[in-house]
Structure formats: C-alpha cells, structure tokens
Amino acid sequence: HRNIFFAMWKRCFSRLSRPLSSRSTTWVPAARRFSSGKLVDMHDLDPRSFLIVEVKRDRPGVLGEILELFTRSAINMTHIESRFKSFARDGPSFHIDFQGSLKDMDVLDLMKAIKSLPGVYDVSAQEPREVPWFPMNIRELDLTTDTLDGGTELINEDHPGFHDPVYRDRRTEIVSMAKSYRHGDKLPRVRYTEQETKTWQAVYERLKALHDQWACREYREMLPQMEKYCGYAVNNIPQLPDISDFLQQRTGFTLRPISGLLSARDFLNALAFRVFYSTQYIRHHGNPFYTPEPDICHELLGHVPLFANSAFADFSQEIGLASLAATDEDVAKLAAVYWFTVEFGLLREGEDVKAFGAGVLSSFGEMEWACSPSPSQECRDMGSMKDQLNPVLRPLDPWEAAKQDYPITTYQPVMFVANSLEDAESRIAQFCDSLTRPFFPQYDPLTQTIRVTKAIQRAERHSTVELQRQKQMQFFEKTAPVNNNTSTVESCTVADGLVQ
C-alpha cells in the first residue's frame, strides 16, 4: 500500500546517482557552517591518550602495581584491556586509555615509573585509533543538512501535491526555514494556513478516536499533557518551539527542524544528544489520510508524545549512542531495531496488544492491522495483506529484530511485542552493549558533548547519503518484482529515513 512512496524513493535515488561533482555535496569547514562562534575541540579540553604496557611474565599482582602508579599520579584511567601478544613472552600486554596528554609531565613521569617496575618489558605510547566521523558536540548537528530526498525534490509526479504549484511553493517556503536553522537559533514557527489546519483537523480527529482504543497507556496519558502545554488541538497545529520546550522539561529531549529524509546514521546520531529531527510541512489537503513522506502529522501524532516518557526517551538515546562511529553493518542492525520499536513497536497490556511505534500510531490502517484481533478485509486489502489474516507477533528480541527484513510498501508482516516500555528499554540496552564498539560513549548534558573512553581520531567527514543510496538501491532491486500491486491507499506512514 506504499507503492507511491516506493516509486518516489526510486526516483530520489536516481537523482542521487548523479556524480557527486554534479551535486552540491562539498563539505565546507565546520567553522563556516555554524551560526556563530568557534567550536571547541574536545581533545583540547579533555584529551585521551593510549599506552601499551608489555609484561614479561603473567604473575599475580602485576596489574595492581601498574594501577597503583596511576592512582599515585592522580591520572584517571578510562579503559583497559589485556591481550596475549606472542609466544616470545608469557606475559600479557595491557592496553590502557586515560585522561591526559602525552605531553604532560605527569604522564611522562608515569610512563617512566611503569617502565621501571620489575617484570615490565616495555611501555609505548600509541597513536589514537581512527574511527568513522561522528558528532562530538551538539553544534556539529549543523553539518547534517544533506538529505536523501533532496528536500523539495521529493515532490514529483507521484506526490499528491506535484500538480499543485501553490502547495509546492508553500512546501519550499517551510523547507527553507529548516535548511537555514543552526544550533542556538530560535526554532522556527510556521503560520499554518486555514487549509493546512483543516488537513490537520481531519487527521487529528480520526486518529484520536483510534488512540483511545489501540494506543498504549503511556501514549494515552501523555496526549492530554500535550494538549495542555503544547497547543495540541483539533483546530491548531502545534509549534516545534512549544513542544521542544515541554519535552526538555520532561525528559531532556529537544526537537530540531529538518528538510527531508536523513540517512540512518545521521538520524540515529542525533538521538545520542536527545535530539529528534522533525519536519514542519504537512501533507496535501487533497487526501489528508495519505502521505508518501514523514510530515508534521506523523511526527507530532506518532513520535513526539512518547518522547515525554523517560523509558522511551532513554532507549531512543541508547540506540543513538550505539550508532556513534559504528560500522555500517551495526548501523543497519540498529536501524532495524529502531524500525521494530520506535517506528512499529507494540506493547502487551493484559490480553491486548497496544501500539507505541510512531508508524502505527500515526496511521489508522496500521493501528487496526497491528492491534485488532481480526483486522477487516478492507484493512488487509489496504495494506496489501490479502493472504495474511494478522501480523506475526513475536516477543521483542532485539537480536532477532536486527536480522529481520521489513517491507516499506506494505503493512508489516512481522512485528515485535514488548511487555512494557521499561522491558523494551532493558532489552535494547543489553543489545547495544553486545555490539563491538570502537569506544563507549557518554553524553554530558551540561556541555552537550560526547565523552569517549578511548583515544580516538575521527576520520574526515563525508556525506552518508551516497552510501545509503547504494544500499537502498540494492534493497529496491531485490524487492521491486514482488511489490507490483496497485491497491488504493487511505492512510500511509513512513519512517524517518530508516530504510535498510
């Protein structure tokens, strides 16, 4: 039931397949892209260094002697691991990361003291390990401007608004505000038209009635708070500044405007800072119950209310932190886990199944398919599920979800059910800890920076759009032959740039 979205993705990627030299993808120095001031280099403020200490023999107490020297020197160790290096000596090598610079006299004295210990063969300083680029400061999210859809270019002949010049100009106007936004700016407010408000009203009224029946308890409890503090109402489209201020007071999450679909890596990286990217344009009024792209209805009625819940906010950030400098393979796994939880997650409430994923909560068709014991034939036809009576519901297992394929042009044939949001948080935290990470990050909310456990050097930053384009084209080539139905679509939601 998402064939139009499917076609739009293909056209989007055909545009992106042009040589990079023919597109505006050149990265300029960070200092030129930030709104004001100069970004502080975290390596200057809080440097990390890396030593390898090689021991001749493996004997009890040798590590304790090394640790005692760190204590006497008042140098904080951030990471340590032991390895057996060769057959030449039976002693291990200790790989030690710590706070401080190799130029500091205290560090140089420490190295001499360690080398003088009986049984220590060698002490050597190492170069920082190179890792894929990732944002270390929230201000570096200003670099995330390259979108998969090219912003306004997503409007093509398959889009309901393609032949409406007024709608296209309006969308361009709203997108331009997102493109010019930089950290520290006031979040833009949009003066929505009467026609746009009527579109919101149609969606709001229809979804709210279904939320009472199929939304999870946490969502149902939070929506009245959104109405009280954020301006959620039938006749009013809420504004990002009001919502962001409310979320920050509740869980520390904030919103940031975006012009279109991001790569999975860029989108997930922002969650590490408790930042959620949100569009501000709204679907075409010609069919208020259909959208081939994330819009303000999907963001505000699907995602936002649960970001005010601490368990949901925490596991969303957990996924984001795990994505920092992760391999492409692990980013794909994290994107799949995100898809089956934040986008299409379900909870068990007694004997009932309730929705907490935004892709379900913002679509009346998806809600009936996922939560009703007996979805109607009309619902199944709408989601291209004529031959399947219900989704296959599995207990939430992030390791299984990470390997599960998912379609983007039909309802989800397989969905995962957690016992609670706290249960989902615990399972996702365990999954993220099981990944092989180049370091373990920690978010400092006071400075809005990422602290790392190891001495690292970020590689040069490149746009992640081209890489994701290639992977998604492979996905489409694999799935295109089987997704050729032409069913009528009433309601469709799409995830925020997370197609595997």
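Contact here means heavy atoms within 4.5 Å, and helices (H or I, at least four residues) and strands (E, at least two) are DSSP runs, numbered from the N terminus.

1. **A helix pair to start with.** With contact defined, look at how Lys333, Leu334, Val337 and Thr341 in H13 meet Ile428, Phe431 and Cys432 in H18. Helix H13 (residues 328–343) and helix H18 (residues 421–434) pack with their axes 12 Å apart, at an angle of about 175°. H13 is therefore roughly antiparallel to H18. Axes are lines fitted to C-alpha atoms, for helices over the stretch in contact, and angles run from 0 to 180 degrees between N-to-C directions. Angles under 35 degrees count as roughly parallel, over 145 as roughly antiparallel, 65 to 115 as roughly perpendicular and the rest as oblique.

2. **What you are looking at.** This is a predicted model, in which local features need pLDDT of at least 70 and side-chain atom pairs count only at pLDDT 80 or more, while totals for chains, interfaces and linings use all residues. Residues are numbered from 1 along each chain as its sequence is written, and side-chain values use heavy atoms, with hydrogens and water left out.

3. Strand E3 (residues 92–99) has seven of its eight residues buried (under 20% relative accessible area; exposed is over 50%, partly exposed in between; 1.4 Å probe, protein chains only). Strand E1 (residues 48–55) pairs with E3 in the antiparallel sense over seven bridges; two strands pair if DSSP finds at least two bridges between them. Valine 53 has phenylalanine 94 in E3 as its bridge partner. Strand E2 (residues 77–84) also runs antiparallel to E3, joined by seven bridges, and here phenylalanine 84 stands opposite proline 92.

4. **A second sheet.** In which order do the four strands of the open sheet come? The order is E9-E8-E11-E10, with mixed pairing. Strand E9 (352–355) and strand E10 (392–395) stand at the edges; each has a single partner strand, so one side of each is left without a neighbour in the sheet. From one strand to the next, the twist averages 40°. E10 and E11 pair in the parallel sense over four bridges, and valine 392 stands opposite valine 414 in E11.

5. **The nonpolar cores.** A nonpolar core is a set of buried Ala, Val, Leu, Ile, Met, Phe, Trp, Tyr and Cys residues joined through side-chain atoms within 4.5 Å. The largest one has 107 residues, and those with the most contacts inside it include Phe134, Met226 and Ile450. Apart from it lies another core of 18 residues, among them Val62 and Val123. Leaving aside neighbours within four places in sequence, methionine 226 is in contact with Gly231, Tyr232, Ile243, Phe246, Val304 and Pro305.

6. **Helix H9 and its surroundings.** The buried residues of helix H9 (residues 240–250) are Leu240, Pro241, Ile243, Ser244, Phe246 and Leu247. They pack against helix H8 (217–229), strand E6 (254–257), strand E7 (275–278) and helix H11 (296–303). Just after H9, glycine 252 takes a positive phi of about 85°.

7. Is glutamine 404 buried or exposed? Glutamine 404 is buried, with a relative accessible area of 17%. Its place is the loop between helix H17 (398–401) and strand E11 (414–418). The C-alpha atoms of glutamine 404 and phenylalanine 340 are separated by 9.1 Å, although these residues are 64 residues apart along the chain.
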